[in-house]
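Please read these notes with the structure open beside you.

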Amino acid sequence: MLEGERLMIKAKNLTKIFNSGFLFTKNVVAAVDDVNFEIGKGEILALVGESGSGKSTIGKMMLKLLKPSGGQILLDDKDIWNLSNNKEFYSRVQGIFQDPFSSFNPIFKVNRVFKLVRQSFKKEVPASEWNDRVENVLKKVGLNAGEVLNKYIHQLSGGQLQRLLIARALLMDVEVLVADEITSMLDASTRVDVLEALLSLKEIGAAIMFITHDLSQAYYISDKIVVLYRGSVVEMGSIEKVFSNPRHPYTQMLLDAIPQLDSKWETDRIDIEDSDKTHATWKEGLCKYIDRCPITDTSCVKPILKLIEEDHYVACAKL
Ligand SMILES: Nc1ncnc2c1ncn2[C@@H]1O[C@H](COP(=O)(O)OP(=O)(O)OP(=O)(O)O)[C@@H](O)[C@H]1O
C-alpha cells in the first residue's frame with residue numbers, strides 16, 4: 001500500500017454497471033466490478049486484459065467522463081466527483097487516446113495549441129519563457145520545434161501527434177495521465193518513440209495509467225500491472241513479480257502468448273483477443289474464469305484478491 005506523499009490516485013471498490021436494451025432484451029453488464037488499485041507519483045501502472053474486460057471504462061471514470069455506479073476514484077484522498085472545479089481537475093488529470101487526431105482542433109496550427117495551453121493553465125509564465133519551454137519539451141519528446149510548430153494537425157503523423165499530446169501534458173505539469181491504447185495505431189519504431197516520450201512524464205512525477213493489449217509494452221514501460229478479466233482484477237502487483245511468477249491461470253495464459261520477453265516491443269504486437277467464450281457454466285457467485293480455467297473443478301466460488309507475496313496479489317480460489 002502506498003501512503004501519504006507517494007500516493008497520487010487511487011481506485012476504491014470501483015464499479016460500473018451498464019444497463020442496455022429494454023424488457024426482454026434488457027442486458028446488465030458489470031463492466032467494472034469492485035476494482036481497487038493505487039498509482040504513486042512517478043509510477044506507471046499497466047492495465048491489461050482482453051477486449052471488453054473494462055479497461056477503457058476504468059480510464060473514463062478516472063477522467064470524470066463516466067460516473068461510477070459504486071466506489072470512488074480518490075485524488076489527494078478526495079473523491080474526484082466531489083471536486084467542483086473541473087478546470088482545476090483537468091489541469092491536473094489528462095487523457096490521451098488511441099486516435100490522436102480527435103484530441104486536436106483541426107483548424108489550429110500546433111503553435112496555437114500550445115499558446116492556448118498557456119492562456120488556459122499557465123498565464124503566470126511570460127510569453128518568451130513559454131516559447132523556450134515549448135522548445136525544450138518538444139525536444140524531450142523527440143520533436144523538432146522548427147518542423148512541427150507551424151504545421152496543421154493533418155500535416156503530422158499519428159506518432160508525432162501522440163508525442164505532441166505528451167508534450168502538452170508535460171507543459172501543463174499534469175499529475176495524472178490516462179494513456180488508453182496510445183500506440184495501437186502506430187508502427188513498431190514510432191511506438192518506441194511514443195513510449196520513450198511517456199517516460200519523460202514519469203520523470204516529472206506524473207502517475208500514469210497505461211492501458212494496453214500489448215503485454216510486451218506493459219513490461220517495458222510499467223512499474224506495476226493490473227490484469228483484468230470481465231471487469232474484475234485477477235492478478236496485480238509489481239511488474240517484475242507478476243511477469244516472473246504469474247499465478248492466475250489467465251495471466252499465465254497471457255504470458256505464454258509472448259514468445260520472447262527480451263525482445264519486448266521490438267517484436268510485432270501481441271494481441272490479447274477475446275476468445276468469444278459463451279460463459280455457459282458461469283453463474284453469479286462463481287469465479288468468472290470458470291469456463292476457460294484449466295484447473296477448476298467447476299464449482300470455484302468468486303475469489304477474493306489475496307496477497308501471496310510482497311507487492312503481488314491473486315484472485316483464485318485454488319491458491
Ligand atoms: N456505454 C456503454 N453501454 C453499455 N455497455 C458498455 C458501454 N461501454 C462499455 N460497455 C461494455 O462494458 C464492457 C467493458 O467495455 P470497455 O470498453 O471498458 O472494455 P475494454 O477492455 O476497454 O475493451 P477494448 O480493449 O476493446 O477497448 C464491455 O462488455 C462493453 O460492451
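1. Start with the make-up of the shell around the ligand. Its residues divide into 3 nonpolar, 7 polar and 2 charged. Keep in mind that this is a predicted model.

2. Now find these residues by name. The ligand is surrounded by F18, V29, A31, E50, S51, G52, S53, G54, K55, S56, T57 and H213. Two elements, β2 (27-40) and α1 (55-62), each give two or more residues to this shell. The most comes from α1, with 3 residues.

3. Look next at the oxygen atoms of the ligand. One lies 2.5 Å from an N or O atom in the side chain of T57. The backbone takes part too. A polar backbone atom of G52 is 2.8 Å from an oxygen atom of the ligand. For S56, a backbone N or O atom is 2.8 Å from a ligand oxygen.

4. How much of the ligand's accessible area does the protein cover? On its own, the ligand has 640 Å² of accessible area, and the protein covers 61% of that.

5. Turn to helix α6 (residues 158-171) and helix α7 (residues 188-203). Their axes come within 9 Å and cross at roughly 0°. Angles under 35 degrees count as roughly parallel. The two helices, α6 and α7, are therefore roughly parallel to each other.

6. Which residues make this contact? From α6 come G159, Q162, R163, I166, A169 and L170. From α7 come T190, D193, V194, A197, L198, S200 and L201. By class, the contact of α6 with α7 has 7 nonpolar, 4 polar and 2 charged residues.

Note on methods
Residues are numbered from 1 along each chain as its sequence is written. This is a predicted model: local features need pLDDT of at least 70, side-chain atom pairs count only at pLDDT 80 or more; totals for chains, interfaces and linings use all residues. Side-chain values use heavy atoms; hydrogens and water are left out. A residue is near a molecule or strand if one of its heavy atoms lies within 4 Å of it. A polar contact is a pair of N or O atoms within 3.5 Å; within protein, one must be able to donate a hydrogen and the other to accept it, and residues adjacent in sequence count only if both atoms are side-chain atoms. Accessible areas come from the Shrake-Rupley method with a 1.4 Å probe; for residues, only the protein chains shown count as cover. Helices (H or I, at least four residues) and strands (E, at least two) are DSSP runs, numbered from the N terminus. Ala, Val, Leu, Ile, Met, Phe, Trp, Tyr, Cys and Pro count as nonpolar, Asp, Glu, Lys and Arg as charged, and the others, Gly among them, as polar. Axes are lines fitted to C-alpha atoms, for helices over the stretch in contact, and angles run from 0 to 180 degrees between N-to-C directions. Angles under 35 degrees count as roughly parallel, over 145 as roughly antiparallel, 65 to 115 as roughly perpendicular and the rest as oblique. Contact means heavy atoms within 4.5 Å.
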